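Dear colleague,

I am passing on the structure that we spoke about, and below it you will find my notes on what came out of the analysis. Please read them alongside the coordinates.

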Amino acid sequence: MTEIKAIEARNLTKYYGDFLAVDHINFNVEPGEIFGFLGPNGAGKSTTIRMLTGISTPTEGTAKIMGFDIVKNALKAKSVMGIVPDISNIYTELTAWENLVFTGKLYGVSKAKIEEKAEKLLKLFTLYDRRDEKVVGFSRGMKRRVCIAMALINDSKILYLDEPTSGLDVKSVRSIRGLIRELNEDGLTVFLTTHNIEEASQMCDRIAIINRGRIAVIDTPEMIKTAMKSSRSIEVAFNKTVKGTQKLFKSLSSVSEVQKRGDKMRLITDDPSQTLMQILKVIEENELKPITLNTLEANLEDAFLKLTGVEMKAEVMHKRRNMK
Amino acid sequence: MIKVTLLDELKRSWAITVKDMKIYYLRPHALMFGILFPVALFFTFSAGRNMPPEGLIPILAAQTVFWSASSIGPVSISMERRILTFERFLSAPISIISVLWGKMMAGFLFGVGITTLAAGIGLLWSGQSISNPLALFFGVVLSAMVYSAMGILFASIPTSSPGEVTVPLNLVRIPLMFVSGMFFPLDSMSGVGVYAALLSPLTHTLDLLKLGTGGSSFFGFTVNLCVLSVWMIVFLYLGQLFHKIIMKRE
């Protein structure tokens, strides 16, 4: 017997008029997984999440949530999920307690269960002492926590989190990340969209990178970094700015690109050991005094830029050529 | 196995009604169009016309139920679009029809409550008695359903500003008052005017309220009930249809 996937997207497509926002994407999310969904602005992240949660109807393709089709079996599919959108959509005129009770009723949870669960969640999210206060006076971080608590009142099996830590202070970010990890350890499947690549790298079991409506890659963060070997680099800084150094490094046979980053230079290379030797030779010949010399492994941000930025650059150039 | 029954849907729908009652009944838009507007219109066009109380009370009640019941849906739906709480309903295990039904009930109860209060004060003040309780009941209750459904239909306009819903709604509400026998008696109207009056739901609200407070119905009790029922079905059907179309586009 095949195991039911938490989320199963098949040829999921969305057109807005003639504009193709999401282009026949396919992916699975396993139960108990934290699945990251990354992409630049306008890549199709929000449209995908809206289709997966039943807010928007797919133009083509299907999505199954714990085996229930989001279009044909919408009510059952929606019963097993909780959603935290990028903007905390809570009723600020109601108290934290009333918000949770209302959401519980909307999901058909019994009165006794709502009260038990609301108390547990508000205590977990350190909001219990302020449960009878109207949400309008809460900070952004507190509103975010109320929003996450509302998404969990129905014992959801899948939690969609759209930019959960965006715009929050460091303390709230840590607290929310900790809560997500705790909930995941208890078996909750998490579908996380974020702009914060470091967050995705730290939290997700697997990541999908979407660009211009298409999935560019799906893999574990480490595998994505490893696959982007060409993004390894050496960072070097000198005690003073020496004219022409950038040009010198650019001429090295093993260096594909030199990026100036503040007082440092980052040399992109396929072969860090050969580049290191070549750099040392340049230093010696030019009597330079290095104060920093670091070998950097590929990171997810580089992979992300490589998968999305390069393609976008090519697209812009193609458009410019066509305009001419 | 997860199963959502009709009773479950009704319970969830009622949760929306109660929540809307808590949040939107005291909103400026609801107070202005639900209470101030009908009272102001009543005093502007009806009071001081030397009309007997049996003529004034139905006009006051008809205007109140017409304006108040149709005011909550446009305010609540457009505001919920603005703060994105409407998306909560779309991603919750509840059908769009039940969501709209919950919203409609909030408008309906607002309309019934305000009209009962206004008509009650009017009847006490004038010392007039209720001659046909059934007509009065349908004149308030069925009408509140019709106008609340009308508000929901206009709230399908995809906007996050209540003003952008109430302006087109007023473009319908205000002309309706002039073809419904409220300011010009139906028996003084020409053929076209009478046909327009027959089609207007407000005519039948006024007819039923007149019948309930000792007056007579121009089109008759049965026609009044049938026309109001048809409008309720039409508004409800179109309302959910338009909301579904908007959902598909989003």
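In chain A, the C-alpha centres of domain 1 and domain 2 lie 44 Å apart. Domain 1 of chain A covers residues 7-226 and domain 2 covers 233-296, with bounds that come from an automatic or database domain assignment.

Some conventions before the rest. This is a predicted model, in which local features need pLDDT of at least 70 and side-chain atom pairs count only at pLDDT 80 or more, whereas totals for chains, interfaces and linings use all residues. Residues are numbered from 1 along each chain as its sequence is written, while chains are lettered from A and ligands numbered from 1 in the order in which they are written.

On confidence, pLDDT is the predictor's confidence in each residue, from 0 to 100, and its mean over chain A is 87, with 93% of the residues reaching 70 or more.

As for overall form, the C-alpha atoms of chain A fill a box of roughly 80 × 45 × 45 Å, taken along the principal axes. The secondary structure of chain A comes to 11 helices and 14 strands, where helices (H or I, at least four residues) and strands (E, at least two) are DSSP runs numbered from the N terminus. Of the 324 residues in chain A, 41% are buried, a residue being buried if 20 or more other C-beta atoms lie within 10 Å of its own, exposed if 12 or fewer, and partly exposed in between, with C-beta atoms placed from the backbone.

The largest nonpolar core has 143 residues, and among the members that touch the most others are Ile65(A), Leu192(A) and Val146(B); such a core is a set of buried Ala, Val, Leu, Ile, Met, Phe, Trp, Tyr and Cys residues joined through C-beta atoms within 7 Å. Helix H7 (residues 133-154) of chain B gives the most to this core, with 14 residues. Apart from it lies another core, of 7 residues, including Ile234(A) and Phe249(A).

Strand E11 (residues 233-238) of chain A runs antiparallel to strand E13 (residues 264-269) of chain A, to which 5 bridges join it, and Glu235(A) stands opposite Arg266(A) in E13(A). E11(A) is also joined by 6 bridges to strand E14 (residues 290-296) of chain A, again antiparallel, and there the bridge partner of Phe238(A) is Pro290(A). Strands are taken to pair if DSSP finds at least two bridges between them.

Between the chains, 21 residues of chain A are in contact with 22 residues of chain B. The largest share of the side of chain A that touches chain B, 4 residues, comes from H2(A).

Finally, in chain B, Val194(B) is found in helix H9 (residues 191-199) and is partly exposed, with 17 other C-beta atoms within 10 Å. Val194(B) touches Leu186(B) and Met189(B), not counting residues up to four places away in sequence.

With best regards

Technical notes:
Two residues are in contact if their C-beta atoms, placed from the backbone, lie within 7 Å.
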